[in-house]
Amino acid sequence: MKKILVIESLNLDMVTNVDHMPAVGETILCPSMQLIPGGKGANQACAAASLGADTTILGAVGADSYAELLKESLCRAGADVSHLIVRPDQNTGVALITVNRDGDNSIVVVSGANAAIHPEDIEKNRPLLEACDMVVLQMEIPLETVLYSARLAKQLGKTVLLDPAPVPKVFPKELLQYVDILKPNETELSMLTGIDITDKDTGESHLEEAAAWVHSHGCPHLVVTLGEKGVYLHSDVDGTPENCRIPARKVHAVDTTAAGDTFTGYFVACMAAGRPEEECLDLASRAAAIAVSRPGAAPSIPTMDEVQRCTLRRGE
């Protein structure tokens, strides 16, 4: 099995469940709050490691009890946390998450130590990049660090997957030159390309146009998660574009917090195990569907046994 290195964020999620999202100036009483391990990097590392993939996470935490909770969660999943950077002068990242009765969420991230991982930290950990086969990146750490990591990984001949969330106001198009697989959702793809993926008047899809834009900037593979519309894959490695669709699974959403991260973690773990690309997408889609039917971030990630037993109905 190939080795996976996740370079990204770790947050402790503080989750409240409410009947509806508060309006401006509105106060809502909530009976309780849950402390749940999360952060895009940690979620994706947990998902990949839970499948038995050789997964290491490189990120920064504070010297506090939140960091210990995150480490325990990652270790239970089987991820290597021995290279986490401890910043005593920073708090561990925190995400304030509100989930409504429909399972939709609103998230405010307090970056803390996540904002204190710099290019020099990546360079100091160059042996990790040299030893791995796949590098997974997101956008919850400084942009310059993401760019440096992707550039170095590409120089070392590694497969680079970028989950471009959250999309920065100014996205450096240079970054796409170092990315082998770009994995946005529909909204993120629109923000990156400036193309309205679904025409609101006609319902016409512009996915192929957006995919061509991504390819023109140097990235050969695009995987777009489309919610109830499934997953779209576009590949162009030799001048012959290929597309495929994976239908969504119908499920009652309880909490969508870690759906995308579950998808990414499953996808890279299955790729690392040498499974065919479409099978990787199908398993990742099923795993994400199960995750949204459960509360929380890392705790909602299903096992492979659960995914393989899953008989969720495909959407049409």
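Contact means heavy atoms within 4.5 Å. Helices (H or I, at least four residues) and strands (E, at least two) are DSSP runs, numbered from the N terminus. This is a predicted model, in which local features need pLDDT of at least 70 and side-chain atom pairs count only at pLDDT 80 or more, while totals for chains, interfaces and linings use all residues. Residues are numbered from 1 along each chain as its sequence is written, and side-chain values use heavy atoms, with hydrogens and water left out.

View 1. Helix 1 spans residues 40–50 and is mostly covered. Ten of its eleven residues are buried (under 20% relative accessible area; exposed is over 50%, partly exposed in between; 1.4 Å probe, protein chains only). Among them are Lys 40, Asn 43, Gln 44 and Cys 46. The buried residues of helix 1 pack against strand 1 (3–7), strand 3 (34–38), strand 4 (54–58) and strand 9 (134–137). Helix 2 (65–77) and helix 8 (259–272) are also packing partners of these buried residues. Gly 52 follows helix 1 and has a positive phi, near 90°.

View 2. Strand 13 (residues 231–235) and strand 14 (residues 242–246) run antiparallel, joined by five bridges. Two strands pair if DSSP finds at least two bridges between them. Tyr 232 stands opposite Arg 245 of strand 14. Six residues lie between the strands of the hairpin. There, Gly 239 takes a positive phi near 85°.

**View 3. Salt bridge of Glu 174 and Arg 151.** A salt bridge is a side-chain nitrogen of Lys or Arg within 4 Å of a carboxyl oxygen of Asp or Glu. A search of the whole structure finds twelve. In one of these, the side chains of Glu 174 and Arg 151 meet at 3.1 Å, N to O. The pair links distant parts of the chain, 23 residues apart. Glu 174 sits in the loop between strand 10 (159–162) and strand 11 (181–182), and Arg 151 in helix 5 (residues 143–155). Glu 174 has 31% relative accessibility, so it counts as partly exposed. Arg 151, at 25%, also counts as partly exposed.

**View 4. Salt bridge of Lys 229 and Glu 186.** The closest N and O atoms of Lys 229 and Glu 186 are 3.0 Å apart. Lys 229 lies in the loop between strand 12 (221–225) and strand 13, and Glu 186 in helix 6 (residues 186–193), so the pair ties together parts 43 residues apart in sequence. Lys 229 counts as partly exposed at 41% relative accessibility, whereas Glu 186 counts as buried at 19%.

View 5. The side chains of Glu 279 and Arg 275 form a salt bridge at 2.6 Å, N to O. Glu 279 is partly exposed at 32% relative accessibility, and Arg 275 is partly exposed at 29%. Elsewhere, salt bridges that share partners join Lys 40, Asp 163, Lys 183 and Asp 261 into one network.

**View 6. Lys 158 without a salt bridge.** Lys 158 lies in the loop between helix 5 and strand 10. Lys 158 is buried yet has no salt bridge. The nearest side chain of opposite charge, Asp 133, is 5.5 Å away (Lys and Arg count as positive, Asp and Glu as negative; His and the chain ends are not counted). The side chain of Lys 158 does reach the backbone oxygen of Cys 132, at 2.9 Å. Not counting residues up to four places away in sequence, Lys 158 touches residues including Leu 129, Glu 130, Val 135, Ala 153 and Asp 180.

Conventions
Polar contact = N/O pair within 3.5 Å; in protein donor to acceptor, adjacent residues only side chain to side chain.
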